[in-house]
Amino acid sequence: MDIASTPSNPAGNPEMADAAVEPHDPATTMRKNYQPPAWLVSEIRLEFELGLELTKCVATMRVERNPDGDGDQTLHLSGDNIAVMNLKVDDADAEGWSMSGPNLLLPLSGDAHKVTVETHLHPATNSQLMGLFASNGMLCTQCEAEGFRRITFFPDRPDVLSRYTVRMTGDKATFPVLLSNGNLVETGENGDGSHWAVWDDPWLKPSYLFALVAGQLVANRDTFTTMSGRKVDLAVWVREGDLERTDHAMRSLINSMKWDEEAFGREYDLDQFNIVAVADFNMGAMENKGLNIFNTRYVLADPETATDGDYDGVEGVVGHEYFHNWSGNRITCRDWFQLSLKEGFTVLRDQMFSADMGSEPVKRIEDVRVLRAAQFPEDSGPLAHPIRPDSYQEISNFYTATIYNKGAEVIRMMHTMAGPERFREGTDLYFDRHDGEAATCEDFVKSMEDGAKLDLSQFRLWYEQAGTPKVTMHATFDQSEGAVTLHFTQKVPATPGQPTKQPMPIPIKVALFDRDSGTHGGEQLLMVDKSKADFTFKGFTRPPVISANRGFTAPIQLDAENNDDDLVFLAAHDDDAFARYESLQQLVTRELLGSIENGPDEKRRGAIADAMGAVIDDAQIDDLMRGELLMLPTLTFLLELAAPADPVALHHARERLKAHIGLRLRDKLIALHERASAIPYGLDARARGARKVKTQALVMLTAADPKEAAARAEAQYRSATNMTDRQGALMVLAGIGCPARSELLADFHARFDGNALVIDKWFALQAGSLDPKVLDRVEALAQHADFTIKNPNRVRSLYMTMAGNMAAFHDESGRGYRMIADLVLQLDPLNAQTAARFIPWLGRWRKIEPKRAALMRAELERIAAAPDLSKDTREQVTKSLD
Ligand code: 0A1
Ligand code: ZN
């Protein structure tokens, strides 16, 4: 089977659009059609003559017939936006070759040949940022998933593993630094102002892990000695002025290397490890073998310009990319349907790493919040797909919260079921068994069964079925028997292409609390594996309070039918940090959803404020956790539960509750703000926690009394020694119509002029604010001299932030929807991947009340009607309208 790209649907042809879900549609790649490649490439030598306008590439491959292939005599080489400049087979001009669309077909007579192909690339005009592109005067690559075919003709699929040698030559002044995968083996001067370097990667790898960087870069260097004594040279490469902001990335890298040895027994396997930061990048970062390429956003950090959240982002992403060296590179994916094999597992690994570096319970709460805000809506919308999808049109659309975050949750459930030691035996076996292979999710599951001694037969459904299971729990008490029974039901909702579902095994941790003593007799792990399941516990003299899904052991929506008193009890007594957080969240959720229908419930609002007050006073918890407990549920999560809803009404209900809490707890919040403000800057948990609660307090106080809080926020801004405090204060000010607002926004811009990452914040602060004039401001900001549609970070900081700002995006005029659709149409020809990522916001129309839903659909239809839409955007928009 040729996995090469296929033509997208002709614009405006509704029949073709319908056919997109049919198995025979040529634009759709089906998992069940996987065939091993007919030809393999054992070695490839790439020779580059570098230039920003023109780069010449000569690729010499040793191709060999795959004994497991179908015997096809024709070598299929994928291409995208490149032309053959020269083609040789065994050093003679190739004969009989042809183009099939963008791809090269080359008939071969023998079992092994040398194939040489020359291509010419134009990095400076490559706005898609896939393949070889220019960013700020440097050259850089992005090949995952299908970017290598924009560099040379190749069987660009992850199950073709080759040994790579790369030779680069280029002008020494323009490209003083020349980097590629593996180890640097030779360098030299050409005597004409140009120089060259040869890099050799001894590890077999798929083409998506190839990378090259050339440019004016400087390095923060260090070394790491691995557990078996290999000394590794580490370098974080950035532009000259950024060097002093690389220490945290380097520290995170060293911590990651050590952690992977200890937690998973994984050692690094080359003499060099390079990280390069680039300003123009579609995603967060990329795990190319030995040469990770990062969005600057996940490398650069110092106290003045990066928030605590940014610091966490750097640590997590540096870890994530490093951990891919084993979960992704040493063992890669057989095909892109297996993407979660590397991504789900690596997200779990980075989550565990960050938890070990910081606070485990706080990290768990943060991860669940992300899952609920980003993955749950995906799983219940038109783009829902299993963590191992069955089909795709454009694989770039499948780098989703489902593949990444739900994928991690699924493996976390295995961890919960097996316990840490057996889980480790499972992963050891997986790494042993499949090292050097292009593997499947099934290989992982089998290794877990054999190594961790788990029966995962029914559990495999988690890989097959999309949709967030809805679970209910109802407790009954039999006084005469002293027995409490928990009655569970589960239902996996229908999702596109999957109308009926089977029950899945759902591990749920529970504890039964005695109401008087506030204690419980131990946690139990229950497996709910049928549509209905009952569990009975004896030895109770009165009905206990049930704490369920402790630690969020399963990615489900649980309705535990607790009454308000139970929730208040758990918010005060639960010894599981997540469950404590969850009970407060549930109480708030109940109040918010209820208040839309019936107005506020005074008793419940009082209970919430009391519980929050108790959180502020609780000396047993640290400020990092306090900050989590004081946060209200996100609007995206609430919308999931309320749908179809009026999102603006929901937003106002949430603001009203914030104001109520702010008013009721005014003195406590002021005291909290003052206590936290006295703690000096540091990166330790205490100081970070202080900054977190400081801004939380400010947010609640502002909702209650904007004028009074504005003065406090202004003082926080003016005395800030770090970005967390400064941004927190400005966020609050940007949302209220106070005189300091524009002055301090201008001050912020002037202070950080020229620092792209901070100017991104400046755009985002305005696009995400509570200011009722956000849409006017976004329109004006799009005309600002600092706005450019060519930089994905900048586009996201303005438009993604606005799309996530419920009150603005869902403005009843439909203007927010129109602005996003206009952006998609403008961006699509330039950067299809980034454009397509905006479609899901409009695709949520089914969750929204009918008037707005119609406006959202109309914008999707306007996009769908545009001629020459990219395959990326076409797929998303078609599925969103279905
Ligand atoms: N594998 C990377 C994510 C990534 C995917 C596609 C890209 O191309 C635009 C870039 C990065 C990761 O999981 O970190
Ligand atoms: Zn990844």
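Strand S29, residues 532-537, is hardly covered: among its six residues, the count of buried ones is zero. A residue is called buried if 20 or more other C-beta atoms lie within 10 Å of its own, exposed if 12 or fewer do, and partly exposed in between, with the C-beta atoms placed from the backbone. Strands are DSSP runs of E with at least two residues, helices are runs of H or I with at least four, and both are numbered from the N terminus.

What does S29 pair with? Strand S26, residues 483-491, pairs with S29 in the antiparallel sense over six bridges. Two strands are said to pair if DSSP finds at least two bridges between them. In this pairing, Thr 489 stands opposite Lys 532 of S29. As a general point, in a regular strand the side chains alternate between the two faces of the sheet.

Before I continue, a word on the source. This is a predicted model, in which local features need pLDDT of at least 70 and side-chain atom pairs count only at pLDDT 80 or more, while totals for chains, interfaces and linings use all residues. Residues are numbered from 1 along each chain as its sequence is written, and chains are lettered from A and ligands numbered from 1 in the order in which they are written.

The pLDDT is the predictor's confidence in each residue, from 0 to 100. Its mean over the chain is 96, and 97% of the residues reach 70 or more. For the complex, the predictor gives an ipTM of 0.99 and a pTM of 0.97. Where pLDDT is low, the predicted coordinates should not be read in detail.

Let us turn to the annotated regions. An unreviewed UniProt entry assigns residues 467-560 to "domain: Peptidase M1 alanyl aminopeptidase Ig-like fold". Over residues 467-560 the chain is 0% helix and 47% strand, with its end C-alpha atoms 19 Å apart. For residues 249-459, the unreviewed entry lists "domain: Peptidase M1 membrane alanine aminopeptidase". Over residues 249-459 the chain is 55% helix and 9% strand, and the end C-alpha atoms are 37 Å apart. UniProt positions are given in the numbering used here, feature names are shortened, and annotations may be inferred rather than shown by experiment.

Next, the ligand. Which residues are closest to ligand 1? Of the 13 residues that surround ligand 1, the closest are Gln 142, Glu 144, Asn 282, Met 283 and Met 286. A residue counts as near a molecule or strand if its C-beta atom, placed from the backbone, lies within 6 Å of it. Strand S20 (285-286) and helix H3 (308-323) are the elements that give two or more residues to this shell. By type, the shell divides into four nonpolar, five polar and four charged residues. Here Ala, Val, Leu, Ile, Met, Phe, Trp, Tyr, Cys and Pro count as nonpolar, Asp, Glu, Lys and Arg as charged, and the others, Gly among them, as polar.

Glu 144 also takes part in a backbone feature: the peptide bond from Glu 144 to Ala 145 is cis, with omega near -5 degrees. Ala 145 has its place in the loop between strand S11 (138-142) and strand S12 (162-171).

Two asparagines deserve a look. Asn 136, although not a glycine, has a positive phi of about 50 degrees, and its place is in the loop between strand S10 (131-135) and S11. Asn 549 likewise has a positive phi, near 50 degrees, and lies in the loop between strand S30 (545-548) and strand S31 (557-559). Are they buried or exposed? Asn 136 counts as partly exposed because it has 14 C-beta neighbours inside 10 Å, whereas Asn 549 counts as buried because it has 24.

Finally, Ile 863 is in helix H28, residues 850-864. Ile 863 is buried because 24 other C-beta atoms lie within 10 Å. Leaving aside neighbours within four places in sequence, its contacts are Ala 821, Val 824, Leu 825, Thr 873 and Val 877. Ile 863 and Ala 821 are 42 residues apart in sequence, yet their C-alpha atoms are 6.6 Å apart in space.

Key. Two residues are in contact if their C-beta atoms, placed from the backbone, lie within 7 Å.
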